Amino acid sequence: MTAIGIYGSAGRMGRAIAQLIEDEGATLAGGCDSHDDPTVLARSADVLVDFSIAGALDSHLAAARAAGTPIVIGTTGLSPAQHAAIDAAAADIAVLQTGNTSLGITLLANLVREAAARLGTDWDIEITEMHHRHKVDAPSGTALLLGEAAAAGRGHSLSELRVDGRAGLVGARTEGTIGMGALRGGSVIGDHEVIFAGEGERLTLGHFAQDRTIFARGAVRAALWLAGQAPGRYRMGDVLGL
Ligand SMILES: NC(=O)C1=CN([C@@H]2O[C@H](COP(=O)(O)OP(=O)(O)OC[C@H]3O[C@@H](n4cnc5c(N)ncnc54)[C@H](OP(=O)(O)O)[C@@H]3O)[C@@H](O)[C@H]2O)C=CC1
Ligand SMILES: O=C(O)C1=N[C@H](C(=O)O)C[C@H](O)C1
């Protein structure tokens, strides 16, 4: 059986993953949190999952690469330099990075890309997300993933079109931009809406997570799939065939 190691094992996601690992046909190789040595887990696991904090990713990725162990990266709030490091590591090991491991969001990203491609730039795109009060990064990794999908539908990268939040005398909206807004509060697991606002009509595509199990199950399925892959950088759509 495939042995999965968890970076961030004591956190909300780490606990959710550990709870269902055996139901999904895998075993737990062990866990690693802020006081543990990541290299020990990387050497003992067949595949790793990382749901920790962005500041810890560099050492986790380096440990995975040195041990030759595939890694699923679910941690969000990553910098451009960290994405470049993931690309570099993918030359040696299989890496799957995603802001959301759920089936629903993976499909939603495809729908958003399609809608953005079919609707002209006179349809304004705005993305909103709401999460629990403990979340440390904004906008969420999922909002960024959906933003990239919308931008790709229009032949751009998100960095070319993105407008974060609005406050003060910001002026009228620039056509073709993608606005992002983040709300925080209570125990909300993760709500995302992509709004296409046209003249006289509005289309909203949304996803509302009700339980962290959807992310945990996706993470374990991704890990089991990734364990058999050649080095490279993969997406959740590769796992789910979407
Ligand atoms: N891709 C996806 O589908 C999803 C992604 N996420 C993302 O996963 C991440 C974790 O979320 P969540 O579980 O809610 O967060 P928590 O704050 O509940 O857990 C974070 C965990 O990371 C550990 N940690 C902190 N620093 C380090 C370190 N230096 N080395 C190893 N472990 C460390 C913490 O351990 P300690 O107590 O020792 O500090 C803790 O166990 C976030 O980035 C979140 O956005 C969340 C849900 C779904
Ligand atoms: O921190 C969370 O909780 C979540 N993080 C991910 C994100 O940043 O999109 C996924 C999910 O929305 C929950």
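**Ground rules.** I number residues from 1 along each chain as its sequence is written, and I letter chains from A and number ligands from 1 in the order in which they are written. Because the model is predicted, I take local features only at pLDDT of at least 70 and side-chain atom pairs only at pLDDT 80 or more, while totals for chains, interfaces and linings use all residues.

**Domains.** I looked up the domain assignment first. It gives domain 1 (3–101 + 213–240) and domain 2 (103–209); such bounds come from an automatic or database assignment. I found 26 Å between the centres of domain 1 and domain 2, taken over C-alpha atoms.

Next I checked where they touch. Eleven residues of domain 1 are in contact with eleven residues of domain 2 (contact: C-beta atoms, placed from the backbone, within 7 Å). On the domain 1 side, helix H8 (213–226) and helix H9 (236–240) each give two or more residues. H9 gives the most, with three residues. Ala, Val, Leu, Ile, Met, Phe, Trp, Tyr, Cys and Pro count as nonpolar, Asp, Glu, Lys and Arg as charged, and the others, Gly among them, as polar.

In the model, residues 104–240 are 37% helix and 27% strand. Their end C-alpha atoms lie 11 Å apart.

**The sheet.** I traced an open sheet of five strands in the order E7-E8-E6-E9-E10, with mixed pairing. Strands pair if DSSP finds at least two bridges between them. Strand E7 (162–164) and strand E10 (202–209) each have a single partner strand, so one side of each is left without a neighbour in the sheet. Neighbouring strands are turned by 20° against each other on average, direction ignored (axes are lines fitted to C-alpha atoms).

Then I went through the pairs.

- Strand E6 (residues 124–131) runs antiparallel to strand E9 (residues 190–197), over seven bridges. Ile-127 has Val-194 in E9 as its bridge partner, and Glu-126 has Ile-195.
- E6 runs parallel to strand E8 (residues 178–184), also joined by seven bridges. I noted Ile-125 with Ile-178 and His-131 opposite Arg-184.
- E7 and E8 pair in the parallel sense over three bridges. Arg-162 stands opposite Ile-178 in E8.

**Ligand 1.** I counted 25 residues around ligand 1, taking a residue as near if its C-beta atom, placed from the backbone, lies within 6 Å. Gly-8, Gly-11, Asp-33, Ala-56 and Gly-74 come nearest. Helix H1 (residues 12–20) gives the most to this shell, with three residues. By class the shell has eight nonpolar, 15 polar and two charged residues.

**Ligand 2.** I listed its surroundings: Thr-76, Gly-99, Asn-100, His-131, Lys-135, Ser-140, Gly-141, Thr-142 and Gly-190. The shell around ligand 2 holds no nonpolar, eight polar and one charged residue. Where does ligand 2 lie relative to the domains? Domain 1 and domain 2 both give residues to its shell, so ligand 2 lies between them.

Methods:
Two residues are in contact if their C-beta atoms, placed from the backbone, lie within 7 Å. Helices (H or I, at least four residues) and strands (E, at least two) are DSSP runs, numbered from the N terminus. Axes are lines fitted to C-alpha atoms, for helices over the stretch in contact, and angles run from 0 to 180 degrees between N-to-C directions.
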